[in-house]
Amino acid sequence: MKYEISTGLIYEKFGENVECPLCEIKKTVEKGIVEQFLGDAVMEDHTREEVNELGFCVRHFDLLFNRPSKLGLALQMETRVKTLNKKLSEPKNYKQALKEVNKIEEQTKTCIVCKYLNEHMNRYYKTIAKMYDNEKDFRELFAKNKGFCLEHYKELLRFSKYAGGKTKEYLELLFSLENQSLSKIIGGINWFCLKHDYRNQLKPMGEAEGVLERTRTKLFGDDKEI
């Protein structure tokens with residue numbers, strides 16, 4: 001599955017006033033991959049083989065289903081379900097039943113879209129670190145963002161070595177941004193709770209405005225439907 005890493009997309013999303021620019025990048029990448037699985041890619045033998053083997057998670061099945069054309073999904077699901085059906089066998093006793101349980105769990109925990117999405121996002125984490133090392137304009141832009149959801153903060157830390165000679169500086173800034181972001185959320189939640197005291201009802205919302213939505217993004221990422 002082809003997908004070109006775009007530094008332009010990185011600059012675009014880091015320039016937006018969002019809780020996590022990596023979530024926005026991920027949604028763009030995810031949309032591109034999903035659309036490829038409803039295009040000519042579904043007719044390629046190696047793609048069909050991977051779909052048969054890995055299938056789709058419920059999120060990506062739903063994203064494919066919600067697209068206008070259902071034929072591409074139906075073609076892929078026909079062979080996928082046939083493959084699953086062939087792997088099932090009737091258990092004759094409890095021990096065999098548990099083997100079937102393990103088999104089903106193995107067959108339903110994979111997703112071809114997740115596989116490609118993770119591969120592409122890993123390349124973005126590396127590219128972002130390299131851009132921090134090599135591009136002064138990007139370092140300045142990076143320093144202005146609000147931090148990241150915990151998932152993407154974790155992955156930026158994991159790939160931080162690709163910042164080369166600026167790895168230490170990169171890590172210091174990553175932590176500072178994340179710490180500031182979490183502190184604002186803590187303050188917002190605190191004020192949200194205090195606003196329920198009748199003595200504070202007429203006071204402005206301030207950082208409490210939308211704080212639970214921001215908390216959701218911070219803890220779990222922004223995975224709204226693409």
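Modeller: This is a predicted model. A pocket here is an open set of grid points with protein on both sides within 12 Å along at least five of seven lines, and its volume is the space filled by probe spheres set on the points.

Biologist: What volume does the second largest pocket have, and which helix gives the most to its lining?

Modeller: The second largest pocket has a volume of about 210 Å³. Its lining counts 13 residues, with Glu19, Lys146, Gln180, Ser181 and Lys184 nearest the centre. By class, these lining residues are 3 nonpolar, 4 polar and 6 charged. The greatest contribution, 5 residues, comes from helix α10 (residues 167-194).

Biologist: How many charged residues are in the lining of the largest pocket?

Modeller: The largest pocket holds about 360 Å³ of space. Of its 19 lining residues, Lys26, Glu151, His152, Phe220 and Asp223 are the closest to its centre. Elements giving two or more residues to this lining are α2 (21-36), α7 (112-134), α9 (150-158) and α11 (211-220). The lining divides into 6 nonpolar, 4 polar and, for the class asked about, 9 charged.

Biologist: Why do the buried residues of α9 lie on the same side of the helix, and what covers them?

Modeller: In α9, the residues His152, Tyr153, Glu155 and Leu156 are buried, with under 20% relative accessible area. Because they cover an arc of only 165 degrees around the axis, they lie on the same side of α9. An α-helix has 3.6 residues a turn, so residues three or four places apart point the same way. The cover over the buried residues of α9 includes α2, α7 and α10.

Definitions and conventions. Residues are numbered from 1 along each chain as its sequence is written. This is a predicted model: local features need pLDDT of at least 70, side-chain atom pairs count only at pLDDT 80 or more; totals for chains, interfaces and linings use all residues. Side-chain values use heavy atoms; hydrogens and water are left out. On a 1 Å grid over the protein atoms alone, a cavity is a set of points where a 1.4 Å probe fits but cannot get out, and a pocket is an open set with protein on both sides within 12 Å along at least five of seven lines; lining residues have an atom within 4 Å of a point. Helices (H or I, at least four residues) and strands (E, at least two) are DSSP runs, numbered from the N terminus. Ala, Val, Leu, Ile, Met, Phe, Trp, Tyr, Cys and Pro count as nonpolar, Asp, Glu, Lys and Arg as charged, and the others, Gly among them, as polar. Buried means under 20% relative accessible area, exposed over 50%, partly exposed in between (1.4 Å probe, protein chains only). The arc is that of the directions from the helix axis to the C-beta atoms. Contact means heavy atoms within 4.5 Å.
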